Amino acid sequence: MDPVRNPFAPGAGSNPPELAGRHAIIEDARVAIERALLCKPSRSQMFLGLRGVGKTVLLNTVENMAMDRGHLTSSIEAPEKKPLGEQLLPRIHQVLRKLSIIENAKAKTHDAMRALRSFASVFKLEYGDMAIAVDPEVGVADSGDLENDLPELFVRVGEAAKAAGKAWTLLIDEVQYLNEKDLAALIVSLHKITQKELPVLFFGAGLPQVAALSGDAKSYAERLFHYPEVGALSEKDAKAAIRQPILDEGAKIDDDALAEIVLKTNGYPYFLQEWGHQSWNLASGDTITLNDTQQAEKETLVRLDQGFFKVRFDRLTPKEREYVIAMAKLGNGPYRSSDIADALGETPQSLGPRRAQIISKGMVYSPSHGDVAFTVPMFNDYLLRNLANLG
């Protein structure tokens, strides 16, 4: 088939042609977005799931939906070492500049700018050549305690948005990389916004451990957030994610070919996109056959091994690689920490720091006490396929 018309676009955060199986999550977000414009509080949402399940796609979808309904939005990908305040400063400044041109919001926006100036000064934050051309407000967002100052700043932004008849939606991807102090301050800020019924919404996305991290940061986080689980698609939804884009291009796919793709991908969205992409390019005529999908397997696995899997494995030190390879050799996870230690001839206690470091890199997580599992679907298969090359 014509590769130019290929509807599948595997890539980090690339929107799939058919967003199947996520309708309930999107509808909940829509309701929260519309309620915010009425200053009616809704619980913030944190999309949790493994790598490649479409969390970033959902964030992008929610952001577009919020903008379509009149929200101002700020989108951040949390880095592993950059403080949250440094990330927020230019985004909030941009939001306030947009609000400042609305007549009814000028006074409240000015107050928020002064709070932002105080916040930037006390935390010694800089943003290129940006100048906040107002005097700081003494006693507001200037204590130097993030848990005290960030909520005050959020309240000022929320008040400005309310005066303008607008709402502000903040979206943060890779939430697991926020340090505990930043995460706690964010949670306190969202709690304060909810209490004051201001039009501010938050949507986050992260690995499964984010729920526990949030609870550790602030015990009431479980009541502040919804935690929609974003996982593999059901068989029905996985088939729709492949079939519908093909039909939309005036082509077809045989039922057994469709079943083969769903079986080999386990319904994981990123893998579905990759398999569909390769199958389309291999097909002749206007129909993807079982032979096409079987032929696509080799090229698909090469692309996954050299890209999706490899970039994550390459972040590990030799000792960390030894640890995850030992996990893979034990079969399918989750894995007991004690079993991994036995395989490596060490004690669980001695491996604790190594395990913690691999968790901090987002490669594994702990689904329950004493257990670990890969955050990347089918990563154990990748390791076993490439043992000879990985050492």
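## Helix 12 and its surroundings

The buried residues of helix 12 pack against several elements: helix 10 (255-265), helix 11 (269-282), strand 7 (287-288), helix 13 (318-329), helix 16 (379-385) and helix 17 (387-390). The structure considered here is a predicted model. The buried set in helix 12 consists of D292, T293, A296, T300, L301, L304, D305, F308, F309 and F313.

Helix 12 covers residues 290-313, and its 24 residues should span 34 Å at 1.5 Å a residue; the end C-alpha atoms lie 32 Å apart, which agrees with that expectation. At L304, helix 12 bends by about 40 degrees. L304 is also one of the buried residues of helix 12.

## The residue R51

R51 belongs to the loop that connects strand 1 (44-48) with helix 2 (55-68). Its relative accessibility is 10%, so R51 counts as buried, the cut-off being under 20%.

Leaving aside residues up to four places away in sequence, R51 touches E174, Q176, Y177, L207, F308, R312, G362, T375, V376 and P377. Of these, F308 is listed among the buried residues of helix 12. R30 stands 21 residues from R51 along the chain, and their C-alpha atoms are separated by 24 Å.

An open sheet is formed by 3 strands in the order 8-10-9, with antiparallel pairing.

Strand 9 is joined to strand 10 (residues 371-374) by 2 bridges, and V364 has F374 of strand 10 as its bridge partner. Helix 13 lies across strand 8, strand 9 and strand 10, at about 95 degrees to strand 10.

How values were computed. Residues numbered from 1 in each chain as written. Predicted model: local features only at pLDDT ≥ 70, side-chain atom pairs only at ≥ 80, totals over all residues. Heavy atoms only, no water. Helix = DSSP H or I, 4+ residues; strand = E, 2+ residues; numbered from the N terminus. Buried < 20%, exposed > 50% of the residue type's maximum accessible area, 1.4 Å probe, protein only. Contact = heavy atoms within 4.5 Å. Expected span 1.5 Å × (residues − 1). Bend = angle between axes of the 7 residues up to and from the residue. Pairing = 2+ DSSP bridges. Axes fitted to C-alpha atoms, helices over the stretch in contact; angles between N-to-C directions.
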